[in-house]
Each structure stands twice: as structure tokens, then as C-alpha cells.
Amino acid sequence: MSHDQASATIVAAPLPAPLRGSIRVPGDKSISHRAVLFAAMAEGTSRLSGVLDSQDVRSSIRAVRALGAEASLEKQPDGSLAGTVTGWGGRGPSQPDGPIDCGNSGTTARLLMGVLAPWDVRVELTGDESLVRRPMRRITAPLMKMGARFLPEGRETLPITVCGSRRLRAIAYDAPMASAQLKTAVLLAGAFAEGVTVLNEPAPSRNHTELMLPEFGVDTTAADRTASVTGPARLKACEVRVPGDPSSAAFIVCAAAVRPGSSVRVEDVSLNPARIGFVRTLERMGADVSVRRTGAAGKEPYGVIEVRHTPDLHGCEVPAEKIASIVDEVPVLALVAAHARGVTVFREVGELRVKETDRLAAVVEGLARLGVDAWGEGNDLVIEGQPGLRTPSGAVFDSKGDHRLAMTWALAGLCGTAPVEVRDFDAVKVSYPGFLFDIERLAR
């Protein structure tokens, strides 16, 4: 593996041996964000452990400090963050000195809109050049119905100034898309409104918020495609242990599925059903993969994912209602599909167009570099697999600043037959800074 610091370009060469052994992946990014933000909202001092140390989560930590919370989270020997967060509780967040820069973190920006909506503050939220292109209207629309204001009016993207109000109205809202960030922003605002706030979704999305809010003392209900919160409530400090991130685990698991001779166990990883859709997709492709629950952190189940190389993968169809549970894993699942016999179709993946980059176009473009036929049909992604796929020599990929693409294209070389070049690989720091080290350690 060679790494050009100046351009953050790596050459990912085929691994010298199969992936074998046990591994723990870093803490779950979604749960880490929520643990930091909810603890900042709470009365008292919360203890957090297993928190992911990544650029995105550090954006949330900096944000809550700017708003008046005391966050003392220190790096642990395993690379995670642990420590305490003392929240602002009933006095509410402080007016920050200037804009809050959310970096590349859509979760930080969107959840903060719900955090700030119930308070008399005016806070400008901004981000990096990628984040300021991502859609925010989906979040501001329901919060405006509750009584918050956003300036400039009608703006679809950051920078946006949140103008909160202590007189928010509880609402029942039918979300136009399945989005855990949208749902969380509305529930966090609703926790401070008078009455019951209900959010209905067209398909299930991640439910970490509904599982965690009761731990902080908030009366919350959750069903398959609906969630509600009763306000006004007051968050109380608690203890949160963050399990391993299944989205990070997906890259290890998919690598082992396609690299001959591999056999890997990922331990202490979240087994939240809304997050392990990638395992179900691999099962549909015929992969030798299994999950086993070993415990729970609060209401979050965790356990072991085991996978062995599967030489005879086959294509499958992933229906639209399953996409919310694999939206971050589609790029790496597409790479697995490229090795499978037959056609794989991911239905209704239009949401990929508005991630860190247009992931739908990027996946089609990247697979073409591998000589694999892939195309979009409306909002569907179609991939014609090539069993025995051989990596063309001299292939160059651009992550486009997207951490999921950076890891996916690195695997094209690491688990392939020829080295590939991946530009802007440092994007992995957003979610899995030690990704290359972990993959290479399993291949020793």
C-alpha cells in the first residue's frame, strides 16, 4: 500500500493473503452523534463510551461546546472516545459567538435544527463545500410548521440561520421520504412542544433516536413506520455505550465475501434490524454470512457478524422498501454484485443522488472502470455481474470526497487482481479512519 500525502491518493494493491480472524470496528456513527447531542440537551452529566472518533462526530462535539455544553471526551487505547458531557438542560443552549461549522456532517447540521428549534436563539449553520450542496428543505419544512423560522426564507441549502421559538406546536407529519435525520429533528423539537408530535414515514428508517430518547427520560413510542414523542419533556443525563458501526462492518464483511479463502468475525457490532439490511442483501446473493446477538447497550442490540468467502454469489433484486436500511452500503454492495453471476437491481435508490456526492452516478462510473456494465433506470441501479472479475491494470478512481466511495474503490484493488489508484482517500476519516490498517491486519 502506498500513500501520497500531498494529494491524499493511495495505491490499493491486492492483499497478500485472505482476510482471517476477529475484529472490532469503530463505534456507530449515528449513535455517537445522538449520544453527544442528547447528552448536551440533558440536565446533568452523562457518561459516554465507545464514541466514534471521526471528523463527523467531532463536528457534533464542537457544536455542542459552542452552544454551552461541557464535553470532556478523551481518546481511549482502542481509538474510541469516552468521558462526560454536561448538558445545558432547562436553561437551553447559549447563543454562540459565530456560525457553527458542521464540516461534512449532514447529521450534525440536520439534527441541530431540531435541537435549536425550541429555544430563543439565532444560530447560523454552515459546512464544507459538499455539505452546503445537500438538501435541507426536508428538515426545515416540518420545523416551520411547528413554529421555528429559518433565514433566509425559502433557502434550500446551508448556510441557514435557525431562529427558534419557545412556543413550538406539536404536529402530525407525513414525511415525504424515509429519513432518520428528518425524523430525529422533528422528534427532538417535539420533545419541547405541548402535546404529542407524530412522524409517519413511507418506509422504515433507522430508529436509534426512538431507542435512545427513553434512556434520557423522554416518553417516546415507535412502530414500524411511525414514531411519536410527548412534550414538554426534560432530558435527564444517563449513561450511553456505543456499539460498533454496522456500516463500517459492511466493508469488512463484503471484502471477506469476495476475497477467496477469507473467514472473518466482526465482534461487538450493532445488530439493530434497521442497520443490518446489508447482511440480508448478502444472504439474498447466496453469501455465507450470519449474525448472533450477544448483548444490548441500552436498547441497542449488539453481537457478532460472521462471514466466509462465497465463490458462487448470484444477483438479486433489492426492493424499494429495503433501501433505507442499506442506503450507506449500496456502493460496497454494488461492488459485490459486480462479482456475482447474473443481474442485481437496487430499486428506488434516488436518495443516493443527494449524499456526500451523487453516489448513484459515481457507482455506475466506477464499475465501468472495472469493465462492469452498470446503469441507472430512473431511480433504479442495475448491475450485470461478472463472476471471476479481473481488475484492469492502471484503473484510477476518484472518491469525490465521499468516505463510502473511498472505501469501496480501495476494496476493488485490495480484493481484486491488480492495483488501483484511489484519489482523495482521506475522506475515510469521516467515518472509519483506521479502515486500511484494519483490512491489512486481517490479511497478515
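Start by selecting helices α1 (residues 29–41) and α5 (residues 180–190): the two are roughly parallel to each other, a label for angles under 35 degrees. They pack at an angle of about 10 degrees, with axes 13 Å apart; axes here are lines fitted to C-alpha atoms over the stretch in contact, and angles run from 0 to 180 degrees between N-to-C directions. Now show side chains: α1 brings Arg34, Phe38 and Met41, while α5 brings Ala180, Gln181, Thr184 and Leu188. Contact means heavy atoms within 4.5 Å. By class, this contact has four nonpolar, two polar and one charged residues.

A word on what you are viewing: this is a predicted model, in which local features need pLDDT of at least 70 and side-chain atom pairs count only at pLDDT 80 or more, while totals for chains, interfaces and linings use all residues. Residues are numbered from 1 along each chain as its sequence is written, and side-chain values use heavy atoms, leaving out hydrogens and water.

Next, go to Ser80, in the loop between β5 (70–75) and β6 (81–86). Is Ser80 buried or exposed? Ser80 is buried, at 11% relative accessible area (buried is under 20%, exposed over 50%, partly exposed in between, with a 1.4 Å probe and protein chains only). Select Asp78 too, and you will find its side chain joined to that of Ser80 by a polar contact of 2.7 Å. Leaving aside residues up to four places away in sequence, Ser80 touches Gly50, Val51, Glu74 and Lys75.

Move on to the open sheet of four strands, ordered β19-β20-β22-β21 with mixed pairing. At its edges stand β19 (317–318) and β21 (373–377); each has a single partner strand, so one side of each lacks a neighbour in the sheet. Strand β19 runs parallel to β20 (residues 343–346), joined by two bridges, and Glu317 stands opposite Val345 in β20.

Glu348 has a positive phi of about 55 degrees although it is not a glycine, and it is partly exposed at 46% relative accessible area.

Finish with two cis peptide bonds. One joins Leu151 and Pro152, with omega about -5 degrees; Pro152 sits in the loop between β9 (149–151) and β10 (160–163). Another joins Gly231 and Pro232, with omega about 0 degrees, and Pro232 is in the loop between β14 (226–231) and β15 (239–241).

Methods:
Polar contact = N/O pair within 3.5 Å; in protein donor to acceptor, adjacent residues only side chain to side chain. Parallel < 35°, antiparallel > 145°, perpendicular 65-115°, else oblique. Nonpolar A, V, L, I, M, F, W, Y, C, P; charged D, E, K, R; others polar. Pairing = 2+ DSSP bridges.
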